[in-house]
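The following exercises are to be worked with the sequence and the three-dimensional structure at hand. Each task is followed by a solution in steps.

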Amino acid sequence: MVSAEAARNVVGIIGNVISFGLFLSPVPTFYRICKNKDVEEFQPYPYAATVLNCLFWILYGLPIVKPDSTLVVTINSVGLVFELIYLSIFCVFDTQNKGRKKVFLVLFGEVIFMAAIVATTFLAFHTHARRTLFVGVFCDIFNIMMYASPLTIVKKVVTTKSVEFMPLSLSLANFLNGCVWTAYALIRFDIFMLVSNGIGAFFGFLQLVLYAFYYKSTPKRGSQDVKPSEIQLSASDAASRA
């Protein structure tokens, strides 16, 4: 009979694989940037936001905060590296200097904010339970925001009756990612992972319903008609969900 711990590890590994795929999803965007040597209309903010989200979950998964959460740390560490690479590429090819300074300022602000959270966590709270509670609240806030971010395209989908700018792969990956990490949280009950990922699974389900409803009414057009600013959905911001 499979133990609860073994089942949890298996589910966590599956979650790592799905989240890894989400972190890789912006690769075509940055391949385009490198090929054109220009960031065009793409924006760096989703990736900068995901950096902070990853940092919070790494802190949450540390043994001195939340014991036995190694798989949470591993996938968010990988995600952090990917996001920093994406931002580095953006800064290199930001030929018009439209967002480079803002990227540095945002990252600097995130470092200061994170340092304050880390200091407060270890100086003001001296038990695992209190540290988990303090850090977990921040994790849930940012995680829910990340899960909800693809829903910003809903208005466009409804008004145009087209899912052209809401990729099925991203919506499905968001749903599966939320479901897997919700299951992970239930095996050994973790309220913070359960809340944010449960809500994330629900948001992903809503996107799939919307996709199914408007798929047939979506005009079949070539990719050349799509503007960069319209297709940019940072799946990476949904990926740091662990």
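Helices here are DSSP runs of H or I with at least four residues, numbered from the N terminus. The model is a predicted one.

**Exercise 1. Aromatic pairs**

Determine how the rings of Trp57 and Tyr60 are arranged, and where these two residues lie.

Solution.
Step 1. Trp57 and Tyr60 both belong to helix 3 (residues 45–61), where they are three residues apart, about one turn of the helix.
Step 2. A pair of aromatic rings is described by the distance of the centres and the angle of the planes.
Step 3. The ring centres of Trp57 and Tyr60 are 5.2 Å apart and the planes stand at 75°, so the pair is edge-to-face. The cut-off used in this step is an angle over 60 degrees.
Step 4. Trp57 has 0% relative accessibility and therefore counts as buried. Tyr60, at 0% relative accessibility, is buried as well.

**Exercise 2. A second pair**

Classify the pair formed by Phe213 and Tyr214, and state for each residue whether it is buried or exposed.

Solution.
Step 1. The centres of the two rings, those of Phe213 and Tyr214, are 4.9 Å apart with planes at 80°, so this pair is edge-to-face.
Step 2. Phe213 has a relative accessible area of 64% and is therefore exposed.
Step 3. Tyr214 has 11% relative accessibility, so Tyr214 counts as buried.
Step 4. In total, the structure holds 18 aromatic pairs. Ring pairs also link Phe56, Phe113, Phe125, Phe134, Phe138 and Phe142 into a cluster.

**Exercise 3. Positive phi angles**

Locate Lys37 and Lys161 in the chain and describe their phi angles.

Solution.
Step 1. Most residues other than glycine have a negative phi.
Step 2. Lys37 is not a glycine, yet its phi is positive, at about 55°. Lys37 is found in the loop between helix 2 (27–36) and helix 3. At 55% relative accessibility, Lys37 is exposed.
Step 3. Lys161, likewise not a glycine, has a positive phi of about 55°. Lys161 lies in the loop between helix 7 (154–160) and helix 8 (168–187). With a relative accessible area of 46%, Lys161 is partly exposed.

**Exercise 4. Nonpolar cores**

Which elements give two or more residues to the largest nonpolar core, and which gives the most?

Solution.
Step 1. The largest nonpolar core has 43 residues, and Phe30, Ile33, Phe56, Tyr60, Val135, Tyr184 and Met193 touch the most other members.
Step 2. Two or more residues come from each of helix 1 (4–24), helix 2, helix 3, helix 4 (70–92), helix 5 (100–124), helix 6 (128–148), helix 8 and helix 9 (191–214).
Step 3. Helix 4 gives the most, with 11 residues.
Step 4. A second, separate core of seven residues includes Ile153, Val157, Leu210 and Tyr211.
Step 5. Not counting residues up to four places away in sequence, Tyr184 touches several residues, among them Arg8, Asp68, Leu71 and Met193.

**Exercise 5. Helix 9**

Compare the length of helix 9 with its expected span, and relate the helix to the UniProt record.

Solution.
Step 1. Helix 9 has 24 residues and reaches 35 Å from its first C-alpha to its last, close to the 34 Å expected at 1.5 Å a residue.
Step 2. At the start of helix 9, a side-chain oxygen of Asp190 comes to within 3.2 Å of the backbone nitrogen of Phe192.
Step 3. An unreviewed UniProt entry places the feature "transmembrane region" at several stretches, including residues 6–24 and 191–214.
Step 4. Residues 191–214 are 100% helix and 0% strand. Residues 6–24 are also 100% helix and 0% strand, with end C-alpha atoms 27 Å apart.

Methods
Residues numbered from 1 in each chain as written. Predicted model: local features only at pLDDT ≥ 70, side-chain atom pairs only at ≥ 80, totals over all residues. Heavy atoms only, no water. Phe/Tyr/Trp six-rings, centres within 6.5 Å; stacked < 30°, edge-to-face > 60°. Buried < 20%, exposed > 50% of the residue type's maximum accessible area, 1.4 Å probe, protein only. Core = buried A, V, L, I, M, F, W, Y, C linked by side-chain atoms within 4.5 Å. Contact = heavy atoms within 4.5 Å. Expected span 1.5 Å × (residues − 1). Polar contact = N/O pair within 3.5 Å; in protein donor to acceptor, adjacent residues only side chain to side chain. UniProt positions renumbered as here; feature names shortened; annotations may be inferred.
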